[in-house]
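Hi there,

Here is the structure I promised to pass on. Please open it alongside this note, and my findings follow below.

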Amino acid sequence: MIQYGRQLIEQEDIESVVSVLQSDFLTQGPVIEKFENAVAEYCGAKHAIAANSATSSLHLAMMALEINRNDLIWTSAITFVATSNAALYCGATVDFIDIDKQTLNLDVSLLEKKLQQAEANSNLPTVLIVVHLAGAPADMLSISKLSERYNFKVVEDASHAVGSSFNSKMIGSCEYSLLSIFSFHPVKIITTAEGGIITTNDHSLNEKIRRLRTHGISRNDSFNDGREELWNYFQEDLGYNYRMTELSAALGLTQVSKIDRFVSRRNEISEQYKWELRTLPLEFQKFPENAKSSYHLFIIRLKLDQIKKTKKQIYFEYLENNINVNFHYIPVYRHPFYEKLGFKKNHCLEAERYFLDALSIPVHPGLTQDDIERVIGTTRTLVE
Ligand SMILES: *Cc1c(COP(=O)(O)O)cnc(C)c1O
């Protein structure tokens, strides 16, 4: 079975993890800091704070911004549920922006209209969580202008966008946002098994997130000054244990050095797909010219009126051909949990169309030329 996405582990990754197993620290040791520094340096951010998943990183980001039940958080209708769940963990209200049919990222002109209305109704969002779907950067320049005009904060769920760039700035540099989050789940660009990281250029957010990652606890000798009892640590906020292990960080550290290689391989495969499949009744994702995608996913839109099959049929036909295609994602508001919050079908029409005709075909650096040709050949026979 050809997988739509998969980790690529090499000998040095294995050795890196084994050496941590033989060391003094399995968690809270020196490798975490090395990994954090390597990621911060790679994307050009001042700080990086590693956590045990992107989901917990998103939660930490919302907590650090003191999101609560009085806040409204907006994000794209097409993302993984973890993006908006993070806001719900903090008691906030969420709403979704429909996608642009070309970029598949949130539609910036719709965003502007919705902001105008929200201003008139005095219910502007506190935070917009921008998602770079499949690694294709959203138009951060326009979004950051809107954030100044309408006074909301920008957080990037950059889970897909390790190695992507916009306007010659790496995603993760936080050039146009306060906080940016990467995921290191095995299907993503690089992996730490489970893991995520938050990057920021803001000193106080960095300190706060570090505290919240460890129960809200600080260690600071000065706290002992002038006190009779021994206070070797103290809790200031209600935090969690969201720490990454040393094993994960060791894997991450060797993986970081491969980001550029992995991403250029993903780009090569994607270019080959676009060329070989160009005459078929398919459409591909587009993104701004000043942007580079990590191609975490290769998404095809099926022109169903020409193909005369449903997406569901084609999906199962790929599986019968031992190609594990996938779909990213069901519009978040369509999930039963979100329906209970009051969302209805057709809340975002473009997202609904995407739900009916989009599939992710395999792209990852472990694919062989044979695999790629099989994906191309099967796609031809299924949709032609
Ligand atoms: C994978 C993913 C997450 C969650 O990542 P985990 O590390 O598995 O918690 C969040 N948002 C998006 C867009 C993702 O693709």
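**What turned up**

The helix α9 passes α14 in a right-handed crossing, where right-handed means that the near helix is turned clockwise from the far one by less than a right angle, and left-handed means anticlockwise. Before going on, please note that this is a predicted model, in which local features need pLDDT of at least 70 and side-chain atom pairs count only at pLDDT 80 or more, while totals for chains, interfaces and linings use all residues. Residues are numbered from 1 along each chain as its sequence is written, and side-chain values use heavy atoms, with hydrogens and water left out.

**Two helix pairs**

The axes of α9 (residues 259-276) and α14 (residues 369-383) come within 11 Å and cross at roughly 30 degrees. That makes α9 roughly parallel to α14. Axes here are lines fitted to C-alpha atoms, for helices over the stretch in contact, with angles from 0 to 180 degrees between N-to-C directions. Angles under 35 degrees count as roughly parallel, over 145 as roughly antiparallel, 65 to 115 as roughly perpendicular and the rest as oblique. Helices (H or I, at least four residues) and strands (E, at least two) are DSSP runs, numbered from the N terminus.

From α9, the contact (heavy atoms within 4.5 Å) uses R265, I269, Q272, Y273 and E276, and from α14 it uses Q369, I372, V375, I376 and R380. Sorted by class, these are five nonpolar, two polar and three charged residues. Ala, Val, Leu, Ile, Met, Phe, Trp, Tyr, Cys and Pro count as nonpolar, Asp, Glu, Lys and Arg as charged, and the others, Gly among them, as polar.

How do α1 and α8 run relative to each other? The axes of α1 (residues 11-21) and α8 (residues 246-256) come within 8 Å and cross at roughly 150 degrees, and the two helices are therefore roughly antiparallel. Their crossing is right-handed. On the α1 side the contact is made by E12, D13, S16, V17, V20 and L21, and on the α8 side by E246, L247, A250, L251, T254 and Q255. This contact has six nonpolar, three polar and three charged residues.

**Aromatic rings**

There are 16 aromatic pairs in the structure. Rings of Phe, Tyr and Trp (its six-membered ring) pair if their centres lie within 6.5 Å; planes under 30 degrees apart count as stacked, over 60 as edge-to-face and the rest as tilted. F96 and Y338 have ring centres 5.8 Å apart and planes at 70 degrees, so this pair is edge-to-face. F96 sits in strand β4 (residues 93-97) and Y338 in helix α12 (residues 336-340), 242 residues apart. Both are buried, which is to say under 20% relative accessible area, with exposed over 50% and partly exposed in between (1.4 Å probe, protein chains only). Ring pairs also link F96, Y333, F337, Y338 and F343 into a cluster.

**Two loop residues**

G172 lies in the loop between β8 (169-170) and β9, and counts as buried at 0% relative accessibility. Leaving out residues up to four places away in sequence, G172 touches C43, A45, S180, F182 and T199.

E194 is in the loop between β9 (179-183) and β10 (196-200). Beyond neighbours within four places in sequence, E194 is in contact with N52, H185 and S248.

Happy browsing!
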